[in-house]
There are 2 protein chains.
Amino acid sequence: MDAELDALAPTPSLLVEIDTFDHNLRIMGATHPGRRLRTHVKAFKSTAMAARVAAAGHPTFCCATIREVEGMAAAGLGDDLLLANEVLDARRLGAVAATGARVTVAVDSAETVDAAAAGGVPAVLVDVNVGLPRCGCDPSDAGRLADRARAAGLEVRGVMGYEGHIVGLDDRGERIAGVAAAMERLLAAHADVGGGIVSAGGTGTWDINTWATEIQAGSFLLMDTDYARLDLPFRTALFVLGRVISVNPAQGYAVADVGLKSLGMDHGKPSIDGHSVWFCSDEHVTFAPRDGGRLPAIGELVRVRTAHVDPTVARHEVFHVVRGHEKVDEWPIDLRHW
Amino acid sequence: MDAELDALAPTPSLLVEIDTFDHNLRIMGATHPGRRLRTHVKAFKSTAMAARVAAAGHPTFCCATIREVEGMAAAGLGDDLLLANEVLDARRLGAVAATGARVTVAVDSAETVDAAAAGGVPAVLVDVNVGLPRCGCDPSDAGRLADRARAAGLEVRGVMGYEGHIVGLDDRGERIAGVAAAMERLLAAHADVGGGIVSAGGTGTWDINTWATEIQAGSFLLMDTDYARLDLPFRTALFVLGRVISVNPAQGYAVADVGLKSLGMDHGKPSIDGHSVWFCSDEHVTFAPRDGGRLPAIGELVRVRTAHVDPTVARHEVFHVVRGHEKVDEWPIDLRHW
């Protein structure tokens, strides 16, 4: 399958096709130039990859963990970092802000407002529940939280609200209607909160969410089979490279060394082009050719597509960046853990 | 829920209850003393944890990756290390053997036999397919592979065959019948192969597999909700500690900071005692009290039970070892990656 890649990377390991990655970034940037894209770092957890996004003109980023914020700032990517998540101990964030990085944190309760102030974080966005049962205050509480934040000396930059219950809907019409309803809640909150930012959106609603002033997308850069179901112009740039270590000709299946330890499995099994994936074990994937295809031989390389990019990336130490069958770079996945 | 643990560990992080761990090890050791237990390192990936197992009288270990073998040998735990997996480049294993550790590797094909010989690994077990569609040769090929190995100068120590299709069956009677059928295949191969070792078994068949000379169990030490379904005497010693970061009283749910990045999800959602888990996102679990229970408050700690221990552990850097509400040790998870 990929004999030419043989010497490029050990198995299992992550491959990023750089030309596809750049294609995805160009498509997104054409609709959301500059700061209209606030790229979500959680999808790739790599300052080297973030630097390539920043070099393309998008210097603002979203993070999901404190360590992501710390690592981005330390790598000189602290132009405008939003921790789009709630924290009850913000002291590490305050320490990052003290180094000169611009740090903003999401708040959805009195406790998180107070934690931001106590921790020395200078600015907040009020996180609003727009329908996803996760973090975010009720829209009717947003103004009160903004008042509390301002009273504590915090800059209130605006609102955020992630329509995560909408981004994966198969039908584009349903996504359009869903985003409209979600953003109605967010704009109602924004009217009470003020500030210049309305931060929302994801890869699945990237061109639908026209209410937000900035889009918090990340998966579009690498893509996965779950997002590939949708009518999106982004292409798969990420593969897990594996090697066939065992073949059973009698039963017609092969086994490669890509398993649960190198994949995120919450969105289901991975895929291998031209094959049916039977199941994964800790260090194995068992698969069989479809439609009378050829059973691979022991030692052959296979490219495995993951069902969910974010938790897959977080299992690896490095991206092997390739162009065709040539390895052109290696990007550490340096923003893992907490 | 766990207010006293507040200062013990950041969230999310792994807790190991040391008394429960020791209980599980004692139960297993009473049936499988000494070298009858070949503990599977893949379930916990920590040389510190392995050292506690060795100190209890079980010096032999199974590994699933080359890095696990390297790390165990470097930590002085190289008394008898079996890589229970197929490799096509065994040079790193040969280098470990050259340091004086005893290294054995599984083989199920001419290619893997030749790789072992070329890589400088001194000994092999012939890996036999006993019904799980994964690695392992047909029993009728085992003798031929053993001959090839001996002709290449390798010591053939015996056979292995993992009844992974049986270990998770709910019904004990089905497990008993399934193991008997699987071991019939393995013993047929052993008759052709020779050697003193018949290596098989797992946590779900630990007391059922009386044919094997050694049991390759690992999950019994920490346990997970998948194995807890079965009629086993082992108790849950592993929890992911999380903190409630957001509460929605109107809808009656809470959100804690334990998500897809800190869990293995292939066996399904995690569990929280007394609560229903709705879903997990990258860094969140949304859950609600059952049976009119109390909604936890922002800032409270929660203990999350994982559905599958092995891929959960591999997402973390360290075990926080606790006795009651006291932290007694910290064990690095130092055998991750490949």
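Reply:

**The chain contact and what lies behind it**

In this predicted model, chain B can be laid on chain A with an RMSD of 0.0 Å. The move is a turn of 180 degrees with a shift of 0.0 Å along the axis. The two copies are thus related as by a two-fold rotation axis. The same surface serves both copies, and 100% of the contact residues of chain B recur in chain A.

Now the contact itself. Chain B gives 45 residues and chain A gives 45 residues.

Next, the domains of chain A. Domain 1 covers 3-14 + 235-332, and domain 2 covers 19-220. Their C-alpha centres lie 33 Å apart. The contact between them takes 10 residues from domain 1 of chain A and 13 residues from domain 2 of chain A. On the domain 1 side, helix H9 (309-313), strand E15 (318-323) and strand E16 (326-332) of chain A each give two or more residues. H9(A) gives the largest share, three residues. This side of domain 1 of chain A has seven nonpolar, no polar and three charged residues.

Now the packing. The largest nonpolar core has 220 residues. A:Val126 and B:Val126 have the most contacts inside this core. Leaving aside neighbours within four places in sequence, A:Val126 touches A:Val107, A:Cys137, A:Ala142, A:Leu145 and A:Ala146, among others. A:Val156, A:Val159, A:Ala189 and A:Val193 are also in contact with A:Val126.

Last, one helix of chain A. Helix H3 (residues 66-74) of chain A is mostly covered, with seven of its nine residues buried. The buried residues are A:Ile66, A:Glu68, A:Val69, A:Glu70, A:Gly71, A:Met72 and A:Ala73. They pack against two helices of chain A, H2 (47-55) and H4 (91-98). They also pack against strands E3 (60-63), E4 (80-83) and E5 (103-107) of chain A. A:Gly76 follows H3(A) and has a positive phi, near 80 degrees.

Definitions and conventions. Residues are numbered from 1 along each chain as its sequence is written. Chains are lettered from A and ligands numbered from 1 in the order in which they are written. This is a predicted model: local features need pLDDT of at least 70, side-chain atom pairs count only at pLDDT 80 or more; totals for chains, interfaces and linings use all residues. Domain bounds come from an automatic or database domain assignment. Two residues are in contact if their C-beta atoms, placed from the backbone, lie within 7 Å. Helices (H or I, at least four residues) and strands (E, at least two) are DSSP runs, numbered from the N terminus. Ala, Val, Leu, Ile, Met, Phe, Trp, Tyr, Cys and Pro count as nonpolar, Asp, Glu, Lys and Arg as charged, and the others, Gly among them, as polar. A residue is buried if 20 or more other C-beta atoms lie within 10 Å of its own, exposed if 12 or fewer, and partly exposed in between; C-beta atoms are placed from the backbone. A nonpolar core is a set of buried Ala, Val, Leu, Ile, Met, Phe, Trp, Tyr and Cys residues joined through C-beta atoms within 7 Å. Copies are superposed by least squares on the C-alpha atoms of residues with pLDDT of at least 70 in both.
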